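Thanks for coming. I will keep to a few backbone details in chain B today. Please look at the model first.

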Amino acid sequence: MPLLINGKTSVDSWVTLNAEQFAADASALISESRAKGSAVIYPIADYLANRDVLNSDPKNTGVLVTGDDDLSQLTEIFAEVSLIAIDFPVLRDGRGFSIARNVTRRGFKGEVRAVGDVSYDRLDSMHRSGFNAYQMADDKFSADTHKAFTEMTVNYQPTHLR
Amino acid sequence: MYQYNNDDQQLVDERVEQYRDQTNRFLAGTLGEDEFLALRLMNGLYVQRQAPMLRVAIPYGLMSSVQLRKLADVSRKYDRNYAHFTTRTNLQFNWPKLEEVPDILAELAAVQMHAIQTSGNCIRNTTTDPYSGVYKGEIEDPRPYCEIIRQWSTMHPEFAYLPRKFKIAVTAGPEDRAASQVHDIGLHMVKNDAGEVGFEVMVGGGLGRTPIIGQVIKDFLPMEHLRSYLDAILRVYNLNGRRDNKYKARIKILVKAFGIKKMAALVEEEWLGFTKDSDLLLSKADIEKFKSYFTPPAYAADAANNIDLTTDFAKSATFKAWYERNTVEHKVDGYRIAVISLKPLLLPPGDVTDSQMDLIADLADKYSFGEIRSTHDQNLVLADVKMSELYPVWEALNGANLARANIDTLTDMICCPGYEFCALANAETLPIADQINARFDNLDYLYDLGDIQLNMSGCINACGHHHVADIGILGVDRKGENYYQFTLGGSSKTDASIGKTIGKALPATEVANTVEKILHVFVENRVAEESFREVIKRIGLNPFKEYVYAASH
């Protein structure tokens, strides 16, 4: 899946674990990825449940959040992770925009990655809401994708990025 | 009125090209149906039963003669020589071609118009009092604040995929001509004890399947915090509103679930924590800048010297009736507010032809400083007509079937387009409106009845605002046949209330008969000059129910 960062395609060095994988054998997974030195994105609930084990390697640790997750502790773990992936489960679900806004204005400086239903016509709004990385399905990505960020050059929201 | 600067113009121009590209990708097959649906809706394009429908934004119901002429022109060039005004004070074209919409938008952009956010799950056009700036009882002209809201909400990157659509209405004082209490947010201009002007903020009102009157979330919001507080409400809604069921997704359901206290606390936390002192804070200079676009026009100093209309009244009793019913006191002596009725006999409420639009634009230029307003009950307004010039204005309107003297009477009904034009509708509305019009065309009878609001919707989504009318009519489908359910006692004004159903739905052929029965009970029970609403408040619904559903009359 193409990953877009700063308007360019990038190599995705992160592995995303899902909740099922985690439920099957959490400790084995953790020690395996530690051994390989992989950078891993954990579902936030699983991260929080294993926080005392996972909080020692911010560079290689990320969390995945959705609109349904309890995000009350998200700010607390900013220093423990270098990536926050925010899921757009379906086109019509716009919670991710506000989650990204909350993450960046509360001071998170790492990668804020849009995952899920990420497509051309929403990239600019995502950028303006605080995202800086976009994981797109192969069929949604093209050589012209970077143009999405320059279609609109003026805006009325001084609190949101241009 | 507000004039675009270079940035405003660039934004709408870029939006046109962005939409053109989206349309091209859809037509080329590279943009999926589902995704294009969301994108075209956010730009006002529906696909209806017979053709697409394009809804053009008229921000807070204010347009210039140049803009109205352009709308007339578009209806000639791309549509069937007419258009329809809506309860959001917008304008709809019923027969555009999907592939020509980008060209229509480019034409509109040339006169500072657009279709941005006239549909979709985003912040819609802000509506306000059609008498803004000219009404005696107003606290302050609300339009500068409406323009502030327009800009803040236009292409807000966070709020384009809300749980559901979001509507804001603004009043200019204690009188409510914007149905503000049945809006997602209603802003009431108020003065506090210190004499400062601000807004009382209501949240969680709405019509549709679950009609609810909004509740006060903030007693007094100073003007400088207008954007920051709205931003806070929207963020709380975007993150917490239901997304599992579109019929439970409006903010009214969230407010009901949380209770107004918790809702207010969450918004307050967001506001105080982040938005209040952010760049959304408006400086005095910011507000003054917006106000400078809405300064009073150059009223003639001698207008008050010519206010005796005796000669004009003697010329025409019809003019006198129009003056009494369709004009309103102006805050400047010698001027009147003239309401143009878009509720003629036997034609669809809210519709206007290209030649009528041209004529109204000409009248605005000649007699009303080149501006026209659209109202939430689907009429138009020339806000600044000299009393001495009312007669020629009336004459011209009368010659174009635009001077039916029925404002605020039974036949000044709010009515959605119904089954013929809307894919959501279950029942016809326009033939029923005709039926009512044909029965109640006697103006003397209508004047005797006084102010009565009759509203009609062709389905439960309630675009015709039937819940908030003295007499509300809802069309329903029963095995392919249209039936009509009556609600009584609703209001969208300061004493807003949701009407109550009086009984089972009745066949289409019985609608005018039923209205007649309802009016009969009203007239029989009325004391002196009591209004319909006052009678309902005093005697309740039972006498109406009994008479309408009695075995025979």
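The model is predicted, so to speak of local features pLDDT must be at least 70, and side-chain atom pairs count only at pLDDT 80 or more, while totals for chains, interfaces and linings use all residues. Residues are numbered from 1 along each chain as its sequence is written, and chains are lettered from A and ligands numbered from 1 in the order in which they are written.

Start with strand β12 of chain B, residues 335-340. Helices (H or I, at least four residues) and strands (E, at least two) are DSSP runs, numbered from the N terminus. Buried means 20 or more other C-beta atoms within 10 Å of a residue's own, exposed means 12 or fewer, and partly exposed is in between, with C-beta atoms placed from the backbone. In β12(B), 6 of the 6 residues are buried, so the strand is largely enclosed by the rest of the structure. B:Y335, B:I337 and B:V339 cover one side, and B:R336, B:A338 and B:I340 the other.

Two strands pair if DSSP finds at least two bridges between them. β11(B), residues 327-329, runs antiparallel to β12(B) with 3 bridges, and B:V328 sits opposite B:I337. The two form a hairpin with 5 residues between them, where B:G334 in the turn has a positive phi of about 95 degrees. β15(B), residues 380-386, is also antiparallel to β12(B), over 5 bridges.

Now the non-glycine residues. B:M155 has a positive phi of about 55 degrees and is buried, with 24 C-beta neighbours inside 10 Å. B:A528 has a positive phi near 50 degrees, but is exposed, with 5 other C-beta atoms within 10 Å.
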